[in-house]
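Here are my notes on this model, as numbered points. Please read them with the coordinates open.

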Amino acid sequence: MAQGTFQEDGFLVLEGFLSADECVAMQQRIGELVANMDVPLHCRTIFSTQDEQLKVLDNRDYFWDSGDKIRFFFEKGVFDEKGDFLVPPEKSINKIGHALHAHDPVFRSVTHSPKVQALAKSLGLQMPVVVQSMYIFKQPHLGGEVTPHQDATFLYTEPLGRLLGIWIALEDATLENGCLWFIPGSHTSGVSRRLIRAPAGSMPVTSFLGSEPARDNSLFVPTPVRRGALILIHGEVVHKSEQNLSDRSRHAYTFHLMEALGTVWSPENWLQPTAELPFPPLYA
């Protein structure tokens, strides 16, 4: 594997990591979960990556307590004032998070597959654990932009450099439907801001330390990929995706690994391991 390229750029595309059949199996499983989802009115939570996201989340606990659960989050503008759907529910979902890897057999088997384990070993990970997972829909016309960010802003470790994102395209990701964009080499100068969770009972639930600097748009490089491709994402590389303006969705399954050996998961991160779900070892 081109490990040198990953160390230099902070991301790496591996085309053809999964077969079309493996992608379809995950999409079919998500179809079943969505068909059977029961999200109470008061939990119909809109997810936005804008800086205002914490104000937009209608039911904060539904989101903040989702680290060890399978929960559904929606795009803006899909509910009326009563919380009823204005568009078909399956077209309204932004993402499902954050523990598919632990609670769903299809996603658990992909996450812990021999292929993924071999990839982690080739990167030198000795005791990787899975900290979270998400299924991202990027709906046609509705799929919102994801503003430039570093994953370690939300999933902070000490020392830095112990977080690795695995992003798998389950459909073609194109310039039109919102593929990922990266700033190559932007993973070497630390983290510009951190999302901090307040002690239990405090308000606001979270706040940002630091701020996202203005970034030169011309530095971003698009990474369109075919279905089945895997993109390795360093925890500190700056990346984004644009709004989906096309007629095609851009489904992806993504999860994060942490090298647990000699690493402290920040107790101030929004997502924490629980007694019910400690971070599962990847090599188990």
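1. His234 is buried, at a relative accessible area of 12%. Buried means under 20% relative accessible area, exposed over 50%, and partly exposed in between (1.4 Å probe, protein chains only). His234 is found in strand β12. Helices (H or I, at least four residues) and strands (E, at least two) are DSSP runs, numbered from the N terminus. Beyond residues up to four places away in sequence, His234 touches Phe6, Gly10, Gly161, Leu163 and His187; contact means heavy atoms within 4.5 Å.

2. Ground rules. This is a predicted model: local features need pLDDT of at least 70, side-chain atom pairs count only at pLDDT 80 or more, and totals for chains, interfaces and linings use all residues. Residues are numbered from 1 along each chain as its sequence is written, and side-chain values use heavy atoms, with hydrogens and water left out.

3. The sheet. Seven strands form an open sheet, ordered β1-β12-β7-β14-β4-β3-β2, with antiparallel pairing. Two strands pair if DSSP finds at least two bridges between them. β1 and β2 (70–74) are the edge strands, each pairing on one side only. β7 and β14 pair in the antiparallel sense over seven bridges. Ile166 stands opposite Phe255 in β14.

4. The cores. A nonpolar core is a set of buried Ala, Val, Leu, Ile, Met, Phe, Trp, Tyr and Cys residues joined through side-chain atoms within 4.5 Å. The largest has 57 residues, and Ile30, Phe72, Ile96, Ile166, Leu232 and Leu257 touch the most other members. Helix α2 (residues 20–35) gives the most to this core, with five residues. A second, separate core has 17 residues, including Ala169, Cys179, Phe182 and Ile231. Leaving out residues up to four places away in sequence, Phe72 touches Leu33, Val34, Met37, Val39, Tyr62, Ile93, Lys95 and Ile96.

5. Helix α8 (residues 114–122). Val116, Gln117, Leu119 and Ala120 are buried here. Seen down the axis of α8, the buried residues fall within an arc of 160°, so they line one face of the helix. That arc is taken over the directions from the helix axis to the C-beta atoms. On the other side of α8, Pro114 and Lys121 are exposed. The cover over the buried residues of α8 includes β1 (11–14), α7 (105–111), β7 (163–169), β12 (230–234) and β14 (252–259). Gly124 follows α8, with a positive phi near 85°.

6. Aromatics. A search of the whole structure finds 14 aromatic pairs. Rings of Phe, Tyr and Trp (its six-membered ring) pair if their centres lie within 6.5 Å; planes under 30 degrees apart count as stacked, over 60 as edge-to-face and the rest as tilted. How are the rings of Phe11 and Phe182 arranged? Their centres are 4.2 Å apart and their planes at 5°, so the pair is stacked. Phe11 is in strand β1 and Phe182 in strand β8 (residues 180–182), 171 residues apart. Phe11 is buried at 9%, and Phe182 is buried at 0%.

7. Another aromatic pair. Phe154 and Phe208 are edge-to-face, at 6.3 Å centre to centre and 80° between the planes. Phe154 is buried, at 18%, whereas Phe208 counts as partly exposed, at 24%.

8. Strand β9 (residues 193–197). Four of the five residues of β9 are buried. β9 pairs with strand β10 (residues 206–210) in the antiparallel sense over five bridges. The bridge partner of Arg193 in β10 is Gly210.
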